[in-house]
Amino acid sequence: MKISAFHLMPHRELPDDFEKRYHSVWVTPPWWELADARRVGQYYNWTLDELLYAARAGFDGVCTNEHHQNAYGFMPSPNLMGSVLAKLTNGTNVAIVQMGATLPTSNPPIRVAEEYAMLDCISGGRLVAGLPLGSPMDVNLCYGITPMEHRERYREAFALTLKAWQAREIFAWNGRYYQLANVNLWPRPIQEPHPPVWVPGSGSISTFDFAVENDVCYCFLSYSGARSARTMMQGYWQVVSEKGRDANPYRAGFLQLVAVAETDARAEEKYAQHVEYFYHKCLHVPAIWFSPPGNQDYRSLVAAVANPVRRAENPKGLRYRDFVEKGYVIAGSPATVRDRLREEVIQGLRVGNLMVLLQIGSMPHELTLENIDLFAREVLPHLRDAWDDGGWVNHWWPERLRASATPRVVAGVSTSQA
Amino acid sequence: MRREQTYAVWQGQVRMRVLSKGSGPAVVFFHGPWGLTWDPFLDELARSFTVFAPEHPGTTPDAADDIYHLDGLWDLVLCYDELLEALGLESAAFVGHSFGAMVACEVAAAYPQRAHHLTLIAPVGFWRDSDPVVNWMVLDPDRLPAHIFGDPDGDAARRIFGPSEPQDAVTAARVRLMWAMGATGKFIWPIPDKGLKKRIHRVKAPTLLVWGKEDRLVPSIYADEFVRRIPGAQVQSVDHCGHAPHLEQPDTVARMVREFFRS
């Protein structure tokens with residue numbers, strides 16, 4: 001089992017009436033009314049400190065991701081963050097999990113291949129190369145890519161990236177969307193034939209097919225918890241089986257929000273307001289922006305309209321106890337958290353690469369460190385052997401880190417902003 | 001009686017169904033971003049003309065993926081040239097609505113001899129920072145009628161957006177609507193200014209612009225952009241309707257078109 005700490009880098013101090021006053025947390029929130037660059041600098045430094053803290057506390061990997069024009073999570077360049085993390089975790093066995101740079105918004109997309117190769121070189125071969133399609137808000141609404149071309153561009157860029165890492169000869173790429181006469185990547189990654197590839201998705205059936213055909217780790221990024229993901233992940237495992245791949249649990253990744261405290265009651269006291277902030281404010285986006293016309297292919301559109309995943313309840317009507325009860329957030333004492341993670345997520349969805357989001361919404365820095373610390377001490381060690389019996393190999397993890405359980409080196413180290 | 005026939009253009013890769021009705025001089029209707037629905041406006045035109053109404057690539061039933069064979073506006077314009085060839089129409093009057101009006105104008109600019117008259121109903125194709133065209137693809141689909149129509153609960157709205165029951169019909173209508181917006185939006189995302197300003201001077205056809213007075217998507221100020229580029233272009237405004245005046249006031253708009261084409 002590999003367990004990584006995920007971070008969104010959200011705005012932590014949105015006004016109480018944010019979701020009533022503003023149309024959306026994404027694309028259109030007015031910077032000048034809502035943010036201050038110096039304060040945001042503090043958020044970035046907290047984010048890096050929190051991920052480094054997790055790295056030193058015993059997590060297997062640290063995850064960053066790319067989003068644009070929003071207060072939900074604004075690392076427009078995850079590789080800037082990943083670069084800091086790669087340097088400062090040298091000498092450890094922590095993977096740098098970029099979840100990641102978005103191919104269709106990088107032009108030409110070999111920029112991602114180059115930067116990932118840099119990260120792999122800097123980190124000594126500890127990179128996990130997440131190659132996300134990118135959210136429609138980022139790719140279509142903020143970066144102007146035509147919804148109907150989004151997936152085609154992604155697939156072309158994906159193939160180009162894999163070839164650029166591996167080709168022994170300089171090659172010409174005469175694609176539909178990208179034309180490059182001399183592809184000759186400098187540098188190349190340390191890991192051969194290339195760093196492990198993860199493809200995050202949100203349940204689109206065409207992405208299942210793509211992930212299985214390309215033999216990558218499919219990561220379901222959901223905020224609705226494992227219970228509502230169960231049907232979706234069963235669909236994924238069915239495709240895995242139909243296409244003749246083995247049922248290796250490391251083919252699957254899952255992101256889960258987690259909040260640990262001394263007891264279940266203490267968890268509610270400490271985390272309720274931050275969980276509600278996350279679901280009420282950070283996910284305040286018009287539904288249509290998640291799938292503007294043309295973004296889904298016709299088959300997925302028909303499936304989605306006939307049986308919409310997102311017809312799920314409006315989280316704005318739910319409170320902390322609902323989120324916990326439904327499994328959107330797994331929160332409580334260490335025992336509660338590890339039992340639910342094992343049963344609902346790891347076994348329930350057959351997940352070998354678990355990501356946990358431990359800084360949730362408005363959660364302040366010190367509380368985040370407490371959450372990370374408790375998770376690392378009281379939860380993580382109990383889950384690590386979850387798949388050891390099956391003899392599965394995690395082909396989707398940097399080879400030199402596969403065997404190692406990261407030793408817990410330091411606790412309580414935090415470098416605050418200069 | 002209404003006829004329909006599907007033509008395979010683009011080396012057989014793009015199938016376009018064409019609905020037609022009437023007799024007399026040919027009128028080609030280029031539908032808007034919400035797909036083709038045969039409506040009273042087309043019926044009214046068919047009393048005086050032979051109306052040909054093609055479905056935009058990808059919106060013909062069972063041919064959804066054909067849209068992936070077209071990479072851009074140049075491909076689309078060439079497709080229409082092939083379709084007009086297949087229909088045996090060397091020259092016709094064009095009527096277009098919204099996105100379809102932009103396409104009609106592009107075809108008339110590329111092949112000036114193909115259009116002898118041009119009617120553009122609330123066309124897109126230009127951009128002014130001071131009067132942005134609303135991107136209907138990012139609006140809540142349930143609230144689209146209120147953006148498009150003067151009367152969002154009227155017959156015209158129901159015709160485009162389909163019935164409110166049974167569930168199967170609602171689902172089919174939503175799929176059709178979303179796919180039509182996606183397949184047309186492919187050529188105008190994210191700003192519907194794709195260079196018409198460089199090409200419109202080639203239009204030779206006498207041109208009529210029709211705009212609803214309450215257009216909330218494409219402000220009627222855009223009529224100026226067309227008028228100053230097409231010599232002699234006329235503008236007619238229609239009361240009590242929004243972005244689809246031909247659907248809300250079919251008799252009025254059909255009369256304007258008929259009189260213009262006969263002038």
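Is Lys2(A) buried or exposed, and how many other C-beta atoms lie within 10 Å? In this predicted model, for which local features need pLDDT of at least 70 and side-chain atom pairs count only at pLDDT 80 or more, while totals for chains, interfaces and linings use all residues, Lys2(A) is buried, with 24 other C-beta atoms within 10 Å. A residue counts as buried if 20 or more other C-beta atoms lie within 10 Å of its own, as exposed if 12 or fewer do, and as partly exposed in between, the C-beta atoms being placed from the backbone. Residues are numbered from 1 along each chain as its sequence is written, and chains are lettered from A and ligands numbered from 1 in the order in which they are written.

Lys2(A) belongs to strand β1 (residues 2-6) of chain A, where helices (H or I, at least four residues) and strands (E, at least two) are DSSP runs numbered from the N terminus. Although 352 residues separate Lys2(A) from Leu354(A) in sequence, their C-alpha atoms are 6.2 Å apart in space. When residues up to four places away in sequence are left out, Lys2(A) touches Asp60(A), Gly61(A), Gly352(A), Asn353(A), Asn394(A) and Trp397(A), contact being defined by C-beta atoms, placed from the backbone, that lie within 7 Å.

In helix α4 (residues 78-88) of chain A, the buried residues are Pro78(A), Asn79(A), Met81(A), Gly82(A), Leu85(A) and Ala86(A). These residues cover an arc of only 150° around the axis, which puts them on the same side of α4(A); the arc is that of the directions from the helix axis to the C-beta atoms. The face turned away from this buried side carries the exposed residues Leu80(A) and Lys87(A), whereas the cover over the buried residues includes α3 (37-57), β2 (61-64), β3 (95-98) and α5 (110-123) of chain A.

In chain B, helix α10 (residues 250-262) contains the buried residues Val253(B), Ala254(B), Met256(B), Val257(B) and Phe261(B). Seen down the axis of α10(B), its buried residues fall within an arc of 155°, so they line one face of the helix. On the other side of α10(B), Asp251(B), Arg255(B), Glu259(B) and Arg262(B) are exposed. Among the elements that cover the buried residues of α10(B) are β5 (92-97), β6 (115-121) and α9 (245-248) of chain B.

Methods. Two residues are in contact if their C-beta atoms, placed from the backbone, lie within 7 Å.
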